[in-house]
Amino acid sequence: DMDYNDKVLYIQAAFYGMAGLLPCQLRKKDQNSFDQDSSDYIKKLENLWDSEISIRLNKQPLDGNIWQFSKSRPANFPTRRLAAMSHLVTKSLNNGLVALFMEVFEKTESYQDRNKNCKVVKKGIESIFLEIFDDYWSFYYIFGGKRLTAAERLIGKDRVSEILINNVIPILLLYARNNENINLEKRLHFIYQMHPKLSSNYITKFMANRIFGHEKDSTEIVHNARRQQGLHQIFKDFCDSDNFLCFECAMYLIMRN
């Protein structure tokens, strides 16, 4: 019976409280130095946590000091990731995340052109993440930090692309197979096939250098996200093992011959 914002606040209080990240748990900064927006928001969270949520959960929170902030960009801080997650949970409370994603596919079933269908579905899935807005965390990186002059996305476009490839498509593929939905499975495979490259990571760079000699030399072949995933699979099958040396690797021997 709560409205959307109250649900988000309740879930955030649970998340931050269990994470040990509430200012009252960390006791690191004098809350008297916080601006009014921060003071009001934190007071609501801490009141919910102390008076209701911690009692209902009856679980030991994490030590808030274990969270890593120093090695992350401020936009990627755990506080902002938890804020984004709170909105995803709120939006999917009744029917779950799969139903939230499936709404996008159901709305675009009328598109006959596969390329257009792929683009519209991709944009629809991305919008679920990119359009998340939080009254507090869209303007702050940490509790009581300096307020940003303009709202900043809680999840960036590159991260959303990674979520789509690594999480959404595999989950929906499992859903399609369990429900014998061949049409959905075909659409997922096409989206996967057509999705452009993701940002490089240490595995794709390592494999491109190992197989092609240099990452730049791999661009004509490794030109989409699916082939990047192929590099991950090869790494997992052949490189991520202590059973043999590189010169004994079956992949290397095949390429050499």
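Ile203, Thr204, Phe206, Met207, Ala208 and Ile211 in helix α9 meet Gln228, Leu231, His232, Ile234, Phe235 and Cys239 in helix α10, a contact being heavy atoms within 4.5 Å. By class, this contact of α9 with α10 holds nine nonpolar, three polar and no charged residues; Ala, Val, Leu, Ile, Met, Phe, Trp, Tyr, Cys and Pro count as nonpolar, Asp, Glu, Lys and Arg as charged, and the others, Gly among them, as polar. The model is predicted, so local features need pLDDT of at least 70 and side-chain atom pairs count only at pLDDT 80 or more, whereas totals for chains, interfaces and linings use all residues. Residues are numbered from 1 along each chain as its sequence is written, and side-chain values use heavy atoms, with hydrogens and water left out.

**Overall architecture**

- The chain has 11 helices and zero strands; helices (H or I, at least four residues) and strands (E, at least two) are DSSP runs numbered from the N terminus.
- The C-alpha trace of the chain spans about 70 × 50 × 40 Å along its principal axes.
- Of the 257 residues of the chain, 37% count as buried, where buried means under 20% relative accessible area, exposed over 50%, and partly exposed in between (1.4 Å probe, protein chains only).
- Among contacts in the chain with a separation of 6 or more, 68% join residues 24 or more positions apart.

- The axes of α9 and α10 come within 9 Å and cross at roughly 75°; axes are lines fitted to C-alpha atoms, for helices over the stretch in contact, and angles run from 0 to 180 degrees between N-to-C directions.
- Helices α9 and α10 are therefore roughly perpendicular to each other, the class for angles of 65 to 115 degrees, with under 35 roughly parallel, over 145 roughly antiparallel and the rest oblique.
- The axes of α6 (residues 114–130) and α8 (residues 182–194) come within 10 Å and cross at roughly 85°, which makes α6 roughly perpendicular to α8.
- Arg114, Asn115, Asn117, Cys118 and Val121 of α6 make this contact with Arg187, Phe190, Ile191 and Met194 of α8.
- The contact of α6 with α8 comprises five nonpolar, two polar and two charged residues.

**Buried positions and a partly exposed arginine**

- In α5 (residues 97–107), Leu100, Phe101, Met102, Val104 and Phe105 are buried, and the buried residues of α5 pack against α4 (78–91), α6, α7 (157–178) and α8.
- Serine 86 lies in α4 and counts as buried because its relative accessibility is 0%.
- Leaving aside neighbours within four places in sequence, serine 86 is in contact with Val8, Ile11, Gln12 and Phe15.
- Arginine 177, found in α7, is partly exposed, with a relative accessible area of 49%.
- Not counting residues up to four places away in sequence, arginine 177 touches Glu185 and His189.

**Cavity**

- The count comes to one cavity of 30 Å³ or more; on a 1 Å grid over the protein atoms alone, a cavity is a set of points where a 1.4 Å probe fits but cannot get out, and lining residues have an atom within 4 Å of a point.
- The largest cavity holds about 50 Å³ of space, a volume being the space filled by probe spheres set on the points, which are joined across faces, edges and corners.
- Lys197, Ser200, Thr204, Ala208, Glu215, Ser218, Val222, Gln228 and Leu231 line the largest cavity.
- The elements giving two or more residues to this lining are α9 (202–212) and α10 (225–239).
- By class, the lining has three nonpolar, four polar and two charged residues.

Notes. 1 Å grid on protein atoms, 1.4 Å probe; cavity = no way out; pocket = protein on both sides within 12 Å on 5 of 7 lines; lining within 4 Å.
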